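I opened the notebook for a new model today and wrote down what I looked up, in the order I got curious. Here it is, for anyone who likes cut-offs next to their contacts.

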Amino acid sequence: KKLILDKLNGFTPNIIITFSPVPFLKNIFLNTLILHHEYSIFSRTPYPQTFFLDPVGVHSNLFLNKFKNEIELIELTKKQRILLNNFKHLCIDTLTSKSPFKNILMEKREQFDYLVLLPLQFSKYYAFDDLVPFKSQYEYCVYILDKIPSNIGIIVNIHPEHTVISESAIEFLKGKYSNFIYEEEFHSIYASAQFIIPFVDSVITVSSSIGLQTLIFDKK
């Protein structure tokens, strides 16, 4: 707080836009509107890049939680439901037909009773580190692999901008877990997890937008 006040030299902002929690700024500027910036359900191709500015907070303090009861009372009109269903079908048809992984994943489906997608995120980021005790994405991945029976195939996908598991670690996991699924082909397309969703039964995630996208495909 002292550092910020010294640097601003008496300046008081009307609005603060932040990409992380800033309780110290909230304590300094009691009458300033603080907007928490975060990407929305869509942020990577083939979807448009979308984001929101939350005037309430993050995590359990976000807008959706504070006004949960009011939001649940909203009734969609028939026209809105048709628009929503058309959009869902467009997404499903496009990502299923355009997926370069269809043959690989259909082959994997023959080998396991179920397929789940584990899209790894990146550490040292509040939306992951604040919510779970894992020190790294590797530790998180191993925890999941240890908990899930071998009849369920676990498709592990790396974040498009953060290579969080080394090649040697991948080879080790392939040898130890018969249901660990990792293919080099997944690197052939940006944000490839979006093209894997149509072929899995569920998604396991802490705070990846891929978890939100399960709503489009009616996945768990």
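Which residue in β6 does I155 stand opposite? I looked it up, and I155 faces I181 there.

Before going on, I noted the ground rules. This is a predicted model, where local features need pLDDT of at least 70 and side-chain atom pairs count only at pLDDT 80 or more, while totals for chains, interfaces and linings use all residues. Residues are numbered from 1 along each chain as its sequence is written, and side-chain values use heavy atoms, with hydrogens and water left out.

**Entry 1: the four-stranded sheet**

I traced an open sheet of four strands in the order β6-β5-β4-β7, with parallel pairing. My strands (E, at least two residues) and helices (H or I, at least four residues) are DSSP runs, numbered from the N terminus. Two strands pair if DSSP finds at least two bridges between them. β5 and β6 pair in the parallel sense over two bridges. I found β6 (180-181) and β7 (202-203) at the edges; each has a single partner strand, so one side of each lacks a neighbour in the sheet.

**Entry 2: the three-stranded sheet**

Next I followed an open sheet ordered β1-β2-β3, and its pairing is mixed. β1 pairs with β2 (residues 33-39) in the parallel sense over four bridges, and I15 has L33 in β2 as its bridge partner.

**Entry 3: the cores**

I then asked for nonpolar cores, meaning sets of buried Ala, Val, Leu, Ile, Met, Phe, Trp, Tyr and Cys residues joined through side-chain atoms within 4.5 Å. Buried is under 20% relative accessible area, exposed over 50%, and partly exposed in between (1.4 Å probe, protein chains only). The largest core has 23 residues, of which L118, L120, C141 and F180 touch the most other members. β4 (114-119), α8 (137-147), β5 (152-157) and α9 (167-176) each give two or more residues to this core, and α8 gives the largest share, five residues.

I also listed the contacts of L118 (heavy atoms within 4.5 Å). Leaving out residues up to four places away in sequence, L118 touches Y140, C141, I144, I154, I155, V156, N157 and I204. A second, separate core has 22 residues, F101, F199, V200 and I216 among them.

**Entry 4: salt bridges**

How many salt bridges does a search of the whole structure find? I got five, counting a side-chain nitrogen of Lys or Arg within 4 Å of a carboxyl oxygen of Asp or Glu.

- K68 and E72 have their closest N and O atoms 2.9 Å apart. They are four residues apart in helix α4 (residues 68-72), so about one helical turn separates them. K68 is partly exposed at 41%, and E72 is exposed at 53%.
- D218 and K88 meet at 3.0 Å, N to O. This pair links distant parts of the chain, 130 residues apart, with D218 in the segment after α10 (209-217) and K88 in helix α5 (residues 78-97). D218 is exposed at 59%, whereas K88 is buried at 17%.
- R109 and D201 meet at 3.3 Å, N to O. R109 lies in helix α6 (residues 102-111) and D201 in the loop between β6 and β7, so the pair ties together parts 92 residues apart in sequence.
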